[in-house]
Amino acid sequence: MLGKLIKHELKATARYFLPLFLIAIVLTPITRFTLWIGNYPKILQFIPTVIVFVYVASLIMVASASILLIIYRFYKSMVTDEGYLMHTLPVSSESHILSKLTVASIWTISSWLVIFISIFGMFFTPDRLSLLIDKLSYAWFYFNTTVNSSLMALLIIEIIFIVILGIFTAPMIYYASIAIGQVISKNKILGSIIGFFIIQVVSQIISVILMVPIGFYGDRVSDSANSMLSFFVNFFFPVTILLAVFTQIILFGITDYIFKKKLNLE
C-alpha cells in the first residue's frame, strides 16, 4: 500500500514540479545564447536583462518549490477537507507520512539536480571544465598527501550521511509543525506557524547545550590537519548524525501520534 501512496503522491505533485523543471532547463540555453550575442542595438539592450532576470527567477522558483509545494501538499492532503478522504483510507498514519516524506525527498533531490545541470550548462565550457577537473585533482592529491586517507574517506562518508539526513529532516520539521498546529490553535495555519517556532526554539536550545562539550573538546585539539580532521570525523560529525537521527525519530513520532490520536478535522 505504501508503494501505491507514493505513486499517487508523485502524480499529484508532478504537475507542479515538472513544468518548473522544464522552464528552468529550456531557459538555460536561451539565456546563454542571449548573453553570447553580446552587442545589442540600443533599442534592444533590455532583452538580455529581461532574459537573465527570468532565468534567475526560474531557478529561485525551482529551489523554493521544493519547500513551499511540499508544505502545501502535506497541509492540503492531511488537515483540510481533502484530509477527510485521505484518513478514511485503510492505511496507517505512518504510511501516509512516509509516502509524503519519500516523495518530498525525491523532489528535493530532483530540484538540486535541475539547478546544478542548469548552472553547469549556463557557465561551463570545455576549457572551464578541464580547469575544474585539474583543480579538483590537485585538491584530492593535496589532501591525500597531507592527511590520513582513511580519515578522509570516513569524512566523505559522514558528509554524505549528513546531506541525506538533512534531505529528510527539513520536511519532517514542516510536517511536525503542521501536526502540532492542529492541537494548539483553532486557526490551523497560525497554529502551524506557532508549531514551527516551537520546534525551532527547542532545536536551538538543544544545539546550544550540545555545543558546550563539543567546544570544550575542540579547544583541546591541536592545529594540525590530521588532528582537526580526526576531531570532525570521530566526534563532531558523529554527534551531528546522531542528533539528526534523534530529531527525525522525535519529529516523526510527534507527527504520527497527533495524526493518530489527536487529529481534529472539524
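The model is a predicted one, in which local features need pLDDT of at least 70 and side-chain atom pairs count only at pLDDT 80 or more, while totals for chains, interfaces and linings use all residues. Residues are numbered from 1 along each chain as its sequence is written, and side-chain values use heavy atoms, with hydrogens and water left out.

T169 sits in helix α6, which covers residues 149-184. Helices here are DSSP runs (H or I, at least four residues), as are strands (E, at least two), and both are numbered from the N terminus. Once neighbours within four places in sequence are set aside, T169 is in contact with A244, T247 and Q248, where contact means heavy atoms within 4.5 Å. With Q248 there is also a polar contact, side chain to side chain, at 2.8 Å. Such a contact is a pair of N or O atoms within 3.5 Å; within protein, one must be able to donate a hydrogen and the other to accept it, and residues adjacent in sequence count only if both atoms are side-chain atoms.

Two or more lining residues come from each of α6, α7 (188-219) and α8 (225-262), and the largest share, 9 residues, belongs to α8. The space in this pocket is about 520 Å³. Pockets and cavities are found on a 1 Å grid over the protein atoms alone: a cavity is a set of points where a 1.4 Å probe fits but cannot get out, a pocket is an open set with protein on both sides within 12 Å along at least five of seven lines, and lining residues have an atom within 4 Å of a point. Grid points are joined across faces, edges and corners, and a volume is the space filled by probe spheres set on the points.

What about enclosed space? The structure holds 1 cavity of 30 Å³ or more, and about 70 Å³ of space lies in the largest cavity. Its lining includes E9, F17, R73, W107 and Y175. Helices α1, α2 (46-79) and α4 each supply at least two residues, with α4 giving the most, 4 residues.

Helix α4 spans residues 93-123 and also holds S118, which is buried at 0% relative accessibility. Beyond residues up to four places away in sequence, S118 touches A24, T28, Y55 and L59. The side chains of S118 and Y55 form a polar contact of 2.8 Å. By contrast, I189 in helix α7 is exposed, with a relative accessible area of 54%.

Stepping back, the chain has 8 helices and 0 strands. Buried residues make up 35% of its 266 residues. Of the contacts with a separation of 6 or more, 76% join residues 24 or more positions apart. In helix α1 (residues 2-37), the end C-alpha atoms are 51 Å apart, which agrees with the 52 Å that 36 residues should span at 1.5 Å a residue; the expected span is 1.5 Å times one less than the number of residues.

Conventions:
Buried means under 20% relative accessible area, exposed over 50%, partly exposed in between (1.4 Å probe, protein chains only).
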